[in-house]
Amino acid sequence: MKFIFFFITFFMSLEAMGYANFIGHGYPSCLNCHFNPMGGGQLNDYGRAVSATAISGRLIYPESFNEEKIAYMSGFLFKKPSQNWLRTQVNYRGFNLIRNPGSSENEIKTWIPMQRDLRVTLKFGENDKLIFSGDYGKTPYPLNGIEGEDYDEYRSRSHYVGYRFTPSFGLYAGLMDKAYGIRVIEHSAYSRLLPQVTQNDQTHGILGHYLNENWEIGAHIFGGNLAQDQELRMKGFSSIVEKTFLNIHRIGFSFQQSKNDFLELLSYSTHARLNVKEGSALLAELGETKKKTKNSIEERTSRYGLLQGFVRPWRGFYVLTNVEYLKNDTTFDSYNVRWGPGIQYFPMQRLELRADIYNTRNFSPGSSTLDSWLLLYQLHLWF
Amino acid sequence: MVLRLFLLFFIFMKVGIALGDDIANEIITDYKQHNYAGVVSKFQLNRKREIFKSSEKILLITLKALEVKGLYEEAVNLMAVYLKTNYKKEHALILKAIKSGLDGKNESSKKQSALYFKIFWNIGKVILSMDRRDIKTEQYLKHFESFREILTFLEFREEKVDKFNDRVLEHLKYLDSKKYFLSKRFFLEYLTWQQKSVLTIGGEDHSLILTNRGVCIGGGMGYKNKFYHFFLDSCAVLAGGEIQSQNTIPIYQQSDISARGIKSSLGVGKVVSETGSEIGFKVPVLFISQDLTDPPANSLGCGGGCSVEDPSSFSFLTSIYSNWAFDNWYFQTEFGKFINKNDILWTLGLGYNF
């Protein structure tokens with residue numbers, strides 16, 4: 001039953017993660033702004049300041065407020081913390097999911113409070129050498145939850161300890177997202193669903209992280225999420241390698257091999273994150289997954305692609321293009337493409353508004369079916 | 001005779017001075033009442049009078065009034081005349097000292113340096129008030145640079161001079177970026193679109209879904225500056241499609257239906273980065289020739305006659321596009337909706353700007 005729960009929650013999408021497109025602002029590594037070197041989770045002080053100045057607009061600030069003052073106010077209590085060892089963050093993210101928008105018969109609207117959590121990080125030593133970081137929050141009821149079934153209402157999606165031996169190298173142990181692929185925010189993205197690196201796929205393990213001017217490497221050995229039953233825990237190894245090219249872009253590849261008592265999963269992908277400057281960026285990922293059930297009843301290779309473009313016409317405002325490709329079984333010719341424009345607006349730090357349209361089209365020899373539509377409105381608050 | 005002439009000259013001179021005094025008094029009165037328009041008007045009517053060349057007080061008052069009224073060019077002219085009249089020799093010495101590369105800190109009086117600064121400032125204001133770059137801009141820029149050089153030499157208000165100089169140069173950069181130039185490009189797109197058609201069986205209509213995909217090869221031309229891009233592009237469509245009944249009954253299906261045509265678009269985009277990336281709107285017109293085959297007369301249910309309507313040859317769309325530029329190459333996506341229909345077209349393309 002828990003397997004079904006995890007399968008269902010795949011389709012609920014969206015939770016606060018790092019925004020890989022901020023390479024367009026000149027930040028190729030997630031470590032610049034997050035405590036977790038692979039991105040996602042709590043922002044560090046620098047990340048808060050960047051989100052307040054480079055990323056968000058100045059809607060509420062008078063002209064007399066300079067960027068330094070705005071950065072100074074980016075802390076949890078709207079000021080620079082008085083101590084250096086504790087950092088907190090509170091998040092809320094909710095969205096309105098509209099299926100078949102505009103259809104008088106089939107339109108379905110659902111409001112999903114996707115994220116309500118508290119994040120805490122304890123940090124010690126020079127350059128925050130030693131950190132203890134974690135979160136705890138209320139999770140939404142599964143979108144297609146089974147009536148009468150009990151689901152965990154509260155859970156932690158990350159809790160780990162990290163130590164950086166040198167500025168280039170650190171080890172992290174605990175519950176974290178797997179080091180794999182581009183961590184786009186869309187949890188329903190094929191590039192996150194297929195390799196099982198979406199919002200409930202965190203795993204206990206040890207992550208090694210290496211970073212220098214040209215290379216960034218994450219290697220992750222994991223034993224599954226200890227909150228799950230033993231037989232469901234996906235144990236294995238994943239890795240991501242990124243290389244900086246032409247000084248501002250990144251190209252990389254990822255690999256993952258994991259298994260539990262029911263499933264063996266092998267996935268690999270290659271990706272690029274291109275800095276188009278002044279906040280605009282282009283992300284692309286192409287990968288395959290091979291899934292084999294333990295009794296070899298089913299063996300399937302799937303292929304996925306992601307192309308996500310961000311154009312920033314003015315500060316705080318991004319226009320998105322999301323193109324996703326899915327070939328569920330490479331032995332067949334059919335595939336589908338999910339395509340859609342979106343807008344993302346940060347009128348001020350701590351507030352994100354977003355709207356996306358998803359148009360899904362199936363391509364199958366000898367077949368032509370009507371496109372399906374999905375509309376998302378999203379509100380994200382963080383303090 | 002000489003005496004008479006001398007007397008006449010003396011009388012004229014006295015009258016002139018008296019007139020000058022009157023204007024000076026009026027100007028001072030207007031200034032005290034903050035009547036800057038009055039000061040300007042009196043200056044414009046009497047600009048050749050000696051008083052504007054010799055009185056420092058009147059110069060400063062008139063200058064203030066001209067600045068308040070935004071008449072920077074007149075302010076520059078007024079000060080240039082004043083400089084020429086009162087500091088001709090000193091000015092020549094400074095220019096000579098600059099040429100010889102001497103230390104200039106003590107080369108001029110504070111008043112003279114302040115005058116240079118005022119001229120520099122007003123020339124800058126003239127440039128800042130320009131909304132296009134032309135010959136006149138270049139002339140003022142030449143003078144602006146000369147006075148900046150003098151002020152740097154004199155080490156007078158250096159921080160202010162540098163800051164203002166940066167502001168003027170920034171404005172010139174902005175004027176440059178406003179200039180439109182011809183844009184030309186070549187591109188190759190993958191495109192897919194869906195349209196509806198109708199199968200008529202015995203007078204009853206049934207909806208069909210036609211999904212096309214293919215490529216579009218073409219080019220475009222337009223006018224572009226650092227902020228906007230207005231263009232027309234056109235490409236040849238080489239595509240094919242599948243058609244199927246929307247409902248399971250009746251069954252109608254056809255594969256690999258060739259679609260050939262042209263897609264032309266008028267568009268306007270906002271340039272969002274120094275690399276030339278854009279976001280904008282297009283109004284594409286799609287002309288496609290695609291023939292659907294009627295079901296054979298002996299098909300099930302076609303006894304009373306069956307026919308399939310070809311999709312419309314001309315379609316008008318509205319679309320949004322995003323363009324990510326990397327030097328001359330660019331990547332582009334487009335998401336378009338057929339006007340008055342719920343059908344969608346997407347494109348994904350790669351192009352080169354010449």
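Tutor: Contact here means heavy atoms within 4.5 Å. The model is predicted.

Student: Which residues is B:Leu78 in contact with, leaving aside its neighbours within four places in sequence?

Tutor: B:Leu78 is found in helix α5 of chain B, residues 72-86. One residue it meets is B:Leu59, 19 residues apart along the chain, with 7.8 Å between the two C-alpha atoms. Leaving aside neighbours within four places in sequence, the contacts of B:Leu78 are B:Phe43, B:Phe52, B:Leu59, B:Thr62, B:Leu63 and B:Leu66.

Student: Is B:Leu78 buried or exposed?

Tutor: Buried means under 20% relative accessible area. B:Leu78 has 6% relative accessibility, so it counts as buried.

Student: In β17(A), what is the bridge partner of A:Arg93?

Tutor: Strand β1 of chain A, residues 86-99, pairs with strand β2 of chain A, residues 108-124, in the antiparallel sense over 14 bridges. In β2(A), A:Asn91 has A:Asp117 as its bridge partner. β1(A) also pairs with strand β17 of chain A, residues 372-382, in the antiparallel sense over 9 bridges. In β17(A), the bridge partner of A:Arg93 is A:His380.

Student: How many Å² do chain A and chain B bury between them?

Tutor: The size of an interface is often given as the accessible area lost when the parts come together. Here 36 residues of chain A are in contact with 36 residues of chain B. Of the area buried between the two chains, 66% is on carbon and sulfur atoms, and the total is about 2,900 Å².

Student: Which residues in chain A lose the most area to chain B?

Tutor: Three residues together account for 24% of what the chain A side buries. They are A:Trp339, A:Arg361 and A:Ser368.

Student: How many residue pairs are in polar contact between chain A and chain B?

Tutor: A polar contact is a pair of N or O atoms within 3.5 Å. Counting pairs with both residues at pLDDT 80 or more, the number between chain A and chain B is 19.

Student: Which strand supplies the largest share of the side of chain A that touches chain B?

Tutor: Strands β11, β12, β13, β14, β15 and β16 of chain A each supply at least two residues of that side. The largest share is 7 residues, and it comes from β13(A).

Student: How many residues apart in sequence are the parts that B:Glu73 and B:Lys136 tie together?

Tutor: B:Glu73 and B:Lys136 form a salt bridge, with the closest N and O atoms 3.1 Å apart. B:Glu73 lies in helix α5 of chain B and B:Lys136 in helix α8 of chain B, so the pair ties together parts whose separation in sequence is 63 residues.

Student: With which side chain does the side chain of B:Asn323 make a polar contact?

Tutor: B:Asn323 is in strand β7 of chain B, residues 314-326. At 2% relative accessibility, B:Asn323 counts as buried. Residues it touches include B:Arg185, B:Tyr330 and B:Phe331. The polar contact, at 3.1 Å, is with the side chain of B:Gln332.

Note on methods:
Residues numbered from 1 in each chain as written. Chains lettered and ligands numbered in written order. Predicted model: local features only at pLDDT ≥ 70, side-chain atom pairs only at ≥ 80, totals over all residues. Heavy atoms only, no water. Helix = DSSP H or I, 4+ residues; strand = E, 2+ residues; numbered from the N terminus. Buried < 20%, exposed > 50% of the residue type's maximum accessible area, 1.4 Å probe, protein only. Pairing = 2+ DSSP bridges. Buried area = accessible area lost by both parts, 1.4 Å probe. Polar contact = N/O pair within 3.5 Å; in protein donor to acceptor, adjacent residues only side chain to side chain. Salt bridge = Lys/Arg side-chain N within 4 Å of Asp/Glu carboxyl O.
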